[in-house]
Amino acid sequence: MKSKLTMTQCIHNDTYRNAQGSPQPPLYDTSLFAFESTQAMRDVIDGKTPGAFYSRYGLNPTIMALEGKLAQLDHAEASLAFSSGMAAISALFMRFAAQGILCLGDVYGGTKQLLTRQLPELGIKTFSLSQTDLDSVETAIKTHQPRLVYLESPSNPTLQLQNISGLAELAHANGALLAVDNTFATPINQCPIDLGADFTVQSATKYLGGHSDLTAGVLSGCRLELDYINAWRKNLGQTIATEVAHKLSRSLLTLALRVERHNDNAQLIADYLDAHSKVRKTCYPGLASHSQHMLAKQQMSGFGGMASFYIAGDGSMAERFIDLLKVFSIAPSLGGVESLATQPIYTSHYGLSEEILRQADVDGSLIRLSIGLEDINDLIDDLEQAFSLCQ
């Protein structure tokens with residue numbers, strides 16, 4: 001089932017009430033909170049009464065208000081806010097590492113490094129599967145018996161999609177839970193929990209923050225599981241800072257408006273690239289030529305602000321093209337108001353093995369665009385002048 005969040009839902013927080021009448025959560029810039037009695041403090045620690053306690057635990061009104069809003073947007077029972085997207089992913093993995101993790105398809109390079117390098121250094125076995133058709137996944141689940149199945153949809157950087165509903169049903173039938181990295185889509189364009197996923201995780205540094213001025217992450221799901229994961233967050237020191245939580249809460253107010261413009265601009269850019277003689281292939285799920293366009297229409301209400309393409313040349317030509325851009329900046333990350341261009345081999349997938357890059361179809365000719373909110377004519381003109389000068 002597709003969902004479509006509105007500006008009304010982004011602006012109004014059903015979980016937040018302020019005794020002083022503030023329409024938005026204020027910043028509680030404090031690390032601790034005092035109590036009238038030891039019993040009152042004990043009741044908060046034990047969860048018998050809601051209240052603030054210690055900011056590293058997440059028990060700060062600014063953080064709790066943010067998490068209520070994030071859960072509302074993700075259609076989840078609860079959410080946890082983290083210091084980064086990778087903090088959210090690593091806490092999720094630590095919860096299920098001993099029981100087995102199966103990673104499907106292409107994922108962000110940092111996630112892949114965590115699964116293939118850092119966790120194995122701790123003696124934790126993880127499994128990856130490049131084929132994501134349901135038959136192959138079912139065989140892998142029955143073989144490895146993971147407790148957690150993890151995927152990205154759309155994926156970074158080639159924007160491949162996964163059949164979230166089908167994979168959720170398959171995971172559940174075999175005793176596993178499904179987690180979906182929803183960073184590229186955002187809850188405006190896709191709601192994995194409505195599609196059957198158990199968890200949705202996002203780098204809030206990207207579209208949720210939206211202004212390239214904060215670093216944060218969010219994990220949403222059922223309250224019972226998040227209570228377990230919160231112990232990892234608390235003791236690994238991964239909780240979002242209160243100042244960042246306050247800034248992120250502010251950014252969420254305009255999320256639907258910003259994502260709508262990102263969607264519109266990206267579709268026009270993708271249409272332009274798809275017809276260009278110097279582009280070998282364009283990756284954007286909103287294109288009718290995209291191999292998974294029908295799946296995108298089924299599970300997404302918008303196609304996002306990311307578009308990637310393979311230039312009709314080698315890595316050196318791709319580098320020259322990027323260096324010629326004037327409106328697009330050369331920078332990592334994505335999801336801000338400004339447009340960015342990078343070669344994933346030097347950013348999101350830097351340092352990965354040749355085998356992993358080959359499986360992900362990532363090479364030097366691939367260029368990833370984070371399409372911002374600028375005037376669309378300025379963006380297309382910038383791309384065109386770079387193409388015209390790039391030989």
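Contact here means heavy atoms within 4.5 Å. Before clicking on, know that this is a predicted model, where local features need pLDDT of at least 70, side-chain atom pairs count only at pLDDT 80 or more, and totals for chains, interfaces and linings use all residues. Residues are numbered from 1 along each chain as its sequence is written, and side-chain values use heavy atoms, with hydrogens and water left out.

**Stop 1: helix α5**

Colour Gly109, Gly110, Thr111, Lys112, Leu114, Leu115 and Leu119, the buried residues of α5. Buried means under 20% relative accessible area, exposed over 50%, and partly exposed in between, with a 1.4 Å probe and protein chains only.

Next, check the helix length. The 13 residues of α5 (residues 109-121) should span 18 Å at 1.5 Å a residue, and the end C-alpha atoms sit 17 Å apart, which agrees. The expected span is 1.5 Å times one less than the number of residues. Now look at Leu115, where α5 bends by about 35 degrees; that is the angle between axes fitted to the seven residues ending there and the seven starting there. Past the helix comes Gly123, with a positive phi near 85 degrees.

**Stop 2: helix α7**

Hop to α7 (residues 164-173) and pick out its buried residues: Ile164, Gly166, Leu167, Ala168, Leu170 and Ala171. Their cover includes β2, α6 (134-144), β4, β5 (177-181) and α12 (293-299). This helix is followed by Gly175, and phi there is positive, near 75 degrees.

Now go to the loop between β4 and α7, where you'll find Pro154 and also Pro157. Which way do their peptide bonds go, cis or trans? The bond from Ser153 to Pro154 is cis, with omega near -5 degrees, and the one from Asn156 to Pro157 is cis too, with omega near 10 degrees.

**Stop 3: the pockets**

On a 1 Å grid over the protein atoms alone, a pocket is an open set of points with protein on both sides within 12 Å along at least five of seven lines, a cavity is a set where a 1.4 Å probe fits but cannot get out, and lining residues have an atom within 4 Å of a point. Points are joined across faces, edges and corners, and a volume is the space filled by probe spheres set on them.

The largest pocket holds about 860 Å³ of space. Select Leu59, Met64, Arg223, Asp227 and Asn230 to land nearest its centre; the lining has 29 residues. Which helix gives the largest share of that lining? It's α9, with seven residues. The elements that each supply at least two are α2 (38-45), α3 (61-74), β1 (78-82) and α9 (223-235). By class, the lining divides into 13 nonpolar, eight polar and eight charged residues.

Select Met86, Tyr108, Asn156, Ser203 and Lys206, the closest to its centre among the 23 residues that line it. Two or more lining residues come from each of α4 and β6 (199-203). This lining has seven nonpolar, 12 polar and four charged residues.

**Stop 4: the cavity**

How many cavities of 30 Å³ or more does the structure hold? One, and the largest cavity has a volume of about 70 Å³. Select Cys10, Ile11, Asn13, Gln24, Pro25, Leu66, Lys69, Ser249, Leu252 and Leu253 to show its lining. α1 (7-11), α3 and α10 (242-252) are the elements giving two or more of these.

**Stop 5: some single residues**

Stay in α10 for Ser251, which is buried at 1% relative accessible area. Leaving aside neighbours within four places in sequence, Ser251 contacts Leu208, Gly209, His211, Leu214 and Arg258.

Finish with Ser212, in the loop between β6 and β7 (217-221). Ser212 has a positive phi of about 55 degrees although it is not a glycine, and it is partly exposed, at 48%.

How values were computed
Helix = DSSP H or I, 4+ residues; strand = E, 2+ residues; numbered from the N terminus. Nonpolar A, V, L, I, M, F, W, Y, C, P; charged D, E, K, R; others polar.
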